[in-house]
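Subject: Structure for you to look at

Hello,

Here is the structure I promised to send. Please open it first, then read my notes below with the model beside you.

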Amino acid sequence: MTRYLIAALPPESIAEPIWAYKRYVAEHYGSVRGLRVLPHITYVSPFTLPENVSSSVLEEQLESFLGSFQAETIQLTDFGYFSTNRGHVIYVAVEKTERMEQQYIILDAFVRETLQVALPPIHPVFTPHLTIAYRDLSRRQFEQAWPYFEQESFSARMPLDALWLLQHTGKQWEPLRKFDFVRNV
């Protein structure tokens with residue numbers, strides 16, 4: 001079954017330094033999992049479609065729905081981390097806006113209710129971020145890597161003017177279709 005993900009992708013000018021940080025973590029701390037994933041901000045975690053919903057229906061529904069979202073510019077500032085039962089995560093921090101949070105909530109509801117996609121429970125706190133290292137970053141590797149990122153600074157402004165539907169190829173996530181937001185005038 002094909003897996004999908006809905007995410008915001010940064011422009012190349014922001015993606016390239018994030019790739020550099022991913023390579024740094026791989027070379028210095030042995031955590032390579034982050035190199036398998038495009039820099040992105042997840043809006044809807046990986047999912048599969050119900051049997052009665054085709055990918056073309058998914059795309060049509062998303063185009064109609066996401067076309068009403070308002071574009072904005074967001075701020076990326078420095079780094080953060082969190083730990084899960086699957087390992088430690090180091091990321092570029094995104095300053096969450098009220099608009100982003102509302103779009104996250106209503107998109108999740110739309111995918112669950114209109115498309116009838118089974119998703120894990122929505123995270124009670126939306127923490128938008130661009131992952132640098134995850135899953136294969138052990139506690140020891142994290143404890144070595146975090147001091148570097150804690151003192152490192154990063155700052156960029158990113159247009160949030162579209163979301164992408166990504167499809168998993170069996171090896172990696174590939175952008176499938178872009179859905180543009182309404183531009184503020």
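A residue counts as buried under 20% relative accessible area, as exposed over 50%, and as partly exposed in between. Keep in mind that this is a predicted model.

Start with isoleucine 106. It has a relative accessible area of 41%, so isoleucine 106 is partly exposed. You will find isoleucine 106 in helix 3, which covers residues 98-113. Ile106 also belongs to a nonpolar surface patch with Ile105 and Ile122. Together the three have about 220 Å² of accessible area.

Next, the helices. Two packed helices are described by the distance between their axes and the angle between those axes. Look at helix 1 (residues 12-29) and helix 4 (residues 139-151). Their axes come within 11 Å and cross at roughly 135°. That makes helix 1 oblique to helix 4. The crossing of helix 1 past helix 4 is right-handed.

Now take helix 2 (residues 55-66) and helix 3. Here the axes come within 12 Å, and the crossing angle is roughly 150°. Angles over 145 degrees count as roughly antiparallel, so helix 2 is roughly antiparallel to helix 3. Helix 2 also passes helix 3 in a right-handed crossing.

Then the salt bridges. How many salt bridges does the structure hold? There are seven. One of the seven joins the side chains of glutamate 16 and arginine 23, at 2.9 Å from N to O. Glutamate 16 is partly exposed at 36% relative accessibility. Arginine 23 is partly exposed too, at 35%.

Which residues are linked in a network of salt bridges? They are Glu59, Glu63 and Arg177. Arginine 177 meets glutamate 59 at 3.2 Å, N to O. Arginine 177 lies in strand 8 (residues 173-180) and glutamate 59 in helix 2, so this pair ties together parts 118 residues apart in sequence. Arginine 177 also meets glutamate 63, at 2.7 Å, N to O. Glutamate 63 is in helix 2 as well, so this second pair ties together parts that are 114 residues apart in sequence.

Is glutamate 59 buried or exposed? At 16% relative accessibility, glutamate 59 counts as buried. Glutamate 63 is partly exposed at 46%, and arginine 177 is partly exposed at 24%.

Glycine 87 sits in strand 4 (residues 87-94). Its relative accessible area is 14%, so glycine 87 is buried. Glycine 87 and arginine 139 are 52 residues apart in sequence, and 7.6 Å apart in space, C-alpha to C-alpha. Glutamine 167 belongs to strand 7 (residues 162-168). With a relative accessible area of 25%, glutamine 167 is partly exposed.

Aspartate 78 has a positive phi of about 60°, and it is not a glycine. Aspartate 78 is in strand 3 (residues 72-84). At 31% relative accessibility, aspartate 78 counts as partly exposed. Glutamine 116 has a positive phi as well, near 55°. Glutamine 116 is in the loop between helix 3 and strand 5 (129-133). Glutamine 116 counts as exposed, at 52% relative accessibility.

Best wishes

Key. Residues are numbered from 1 along each chain as its sequence is written. This is a predicted model: local features need pLDDT of at least 70, side-chain atom pairs count only at pLDDT 80 or more; totals for chains, interfaces and linings use all residues. Side-chain values use heavy atoms; hydrogens and water are left out. Patches are made of residues with over 30% relative accessible area and no salt bridge: like charges are joined within 9 Å, nonpolar side chains (Val, Leu, Ile, Met, Phe, Trp, Tyr) within 5 Å. Accessible areas come from the Shrake-Rupley method with a 1.4 Å probe; for residues, only the protein chains shown count as cover. A salt bridge is a side-chain nitrogen of Lys or Arg within 4 Å of a carboxyl oxygen of Asp or Glu. Helices (H or I, at least four residues) and strands (E, at least two) are DSSP runs, numbered from the N terminus. Buried means under 20% relative accessible area, exposed over 50%, partly exposed in between (1.4 Å probe, protein chains only). Axes are lines fitted to C-alpha atoms, for helices over the stretch in contact, and angles run from 0 to 180 degrees between N-to-C directions. Angles under 35 degrees count as roughly parallel, over 145 as roughly antiparallel, 65 to 115 as roughly perpendicular and the rest as oblique. A crossing is left-handed if the near helix is turned anticlockwise from the far one by less than a right angle, and right-handed if clockwise.
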